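Take a moment to look over the fold before reading on. We will go through it piece by piece.

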Amino acid sequence: MLDNSILDLTDISKSYDKKVVLDKVNVTVQANDCIGLLGRNGAGKTTLIKIILGLLGASSGEIKYFGGASLNNDVKKKTGFYIGQEYLPEELTGLQYLQFINYLYNGKARQSDENLLNLFEYFFEERESSKKMISGYSFGMKQKTGICAALVNQPQLLILDEPFSGLDAFSCRRLIEFINKYKQRATVVISSHDLTFIEKICDRLLILEKSRVVYNDTLVNFTTSGKSTLEDSLFTLLRPQDTSDEKINWLV
Ligand SMILES: Nc1ncnc2c1ncn2[C@@H]1O[C@H](COP(=O)(O)OP(=O)(O)OP(=O)(O)O)[C@@H](O)[C@H]1O
């Protein structure tokens with residue numbers, strides 16, 4: 001393990017009943033890496049993220065954070081994450097939720113409401129919605145609220161699971177621009193199926209397939225310095241099955 005490692009995963013395995021979902025995952029994430037976590041539906045991306053965040057226990061293996069620490073309060077304070085809308089408190093307004101997260105992470109040294117509203121406005125392009133209950137938000141608005149909450153504590157490690165889902169084109173561009181700036185001062189891990197966005201943001205790729213890591217290196221090496229697109233390179237690596245059209249003749 002190198003001194004500036006932010007995450008050091010050793011032999012992380014996870015099974016549900018007898019089904020192996022992660023099989024001896026070994027990954028080191030260095031400071032200022034911006035990593036695209038890729039893989040088919042069901043490859044284990046969310047499971048891996050939840051294990052890293054301590055929301056799910058691994059069946060075996062060990063994770064060290066920020067150069068050797070275990071998952072203590074200091075590590076949690078330095079980490080921001082968004083892993084889905086099911087964790088949003090519907091009965092709070094957007095601003096109240098950001099204030100709650102702010103208090104939880106930062107105690108007395110919390111951000112001003114003005115900072116929180118500016119953060120909200122950056123992604124929403126307005127402030128009015130911050131006074132409305134999250135229960136009344138659209139899917140995309142909830143997504144943006146979760147992303148804002150992940151940023152309140154100015155995390156050194158930012159982990160986002162499918163952050164682009166449901167975002168309109170403007171919000172996607174905002175998020176891309178934001179992460180491209182933010183990654184200069186932080187380590188970022190993003191799981192996404194949107195390869196165009198991953199290509200615009202990430203420097204490294206971690207690709208899971210059939211419960212194992214099948215690629216863990218730079219984006220540039222993966223696309224042979226841009227000679228092929230990320231999509232083509234991914235298809236070459238994962239070789240999708242040729243599903244015969246005849247099987248759906250009854251349909252089309
Ligand atoms: N609570 C659970 N109980 C049993 N199996 C589970 C559970 N959660 C996930 N799995 C299984 O673990 C595997 C990995 O799921 P995971 O959600 O990590 O995949 P993913 O790569 O994030 O997929 P997607 O791209 O579709 O979001 C899947 O086969 C899934 O069915």
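At what angle do the axes of helix 3 (residues 94-106) and helix 4 (residues 113-124) cross? They cross at roughly 125 degrees and come within 10 Å. Axes here are lines fitted to C-alpha atoms over the stretch in contact, with angles from 0 to 180 degrees between N-to-C directions. Helices (H or I, at least four residues) and strands (E, at least two) are DSSP runs, numbered from the N terminus. Helix 3 and helix 4 are therefore oblique to each other. Under 35 degrees counts as roughly parallel, over 145 as roughly antiparallel, 65 to 115 as roughly perpendicular, and the rest as oblique.

This is a predicted model: local features need pLDDT of at least 70, side-chain atom pairs count only at pLDDT 80 or more, and totals for chains, interfaces and linings use all residues. Residues are numbered from 1 along each chain as its sequence is written.

Now find the ligand. Among the residues around the ligand are Tyr16, Val21, Lys45, Thr46 and Thr47; each has its C-beta atom, placed from the backbone, within 6 Å. Helix 1 (residues 45-53) gives the most to this shell, with three residues. Lys45 and Thr47 are also among the buried residues of helix 1. Buried means 20 or more other C-beta atoms within 10 Å of a residue's own, again placed from the backbone. Just after helix 1, Gly54 takes a positive phi of about 80 degrees.

Move on to strand 5 (residues 79-82). In a regular strand the side chains alternate between the two faces of the sheet. On one side of strand 5 sit Thr79 and Phe81, on the other Gly80 and Tyr82, and all are buried. Strand 5 runs parallel to strand 6 (residues 157-161), joined by four bridges. Pairing takes at least two DSSP bridges. Phe81 stands opposite Ile159 in strand 6.

Definitions and conventions:
A residue is buried if 20 or more other C-beta atoms lie within 10 Å of its own, exposed if 12 or fewer, and partly exposed in between; C-beta atoms are placed from the backbone.
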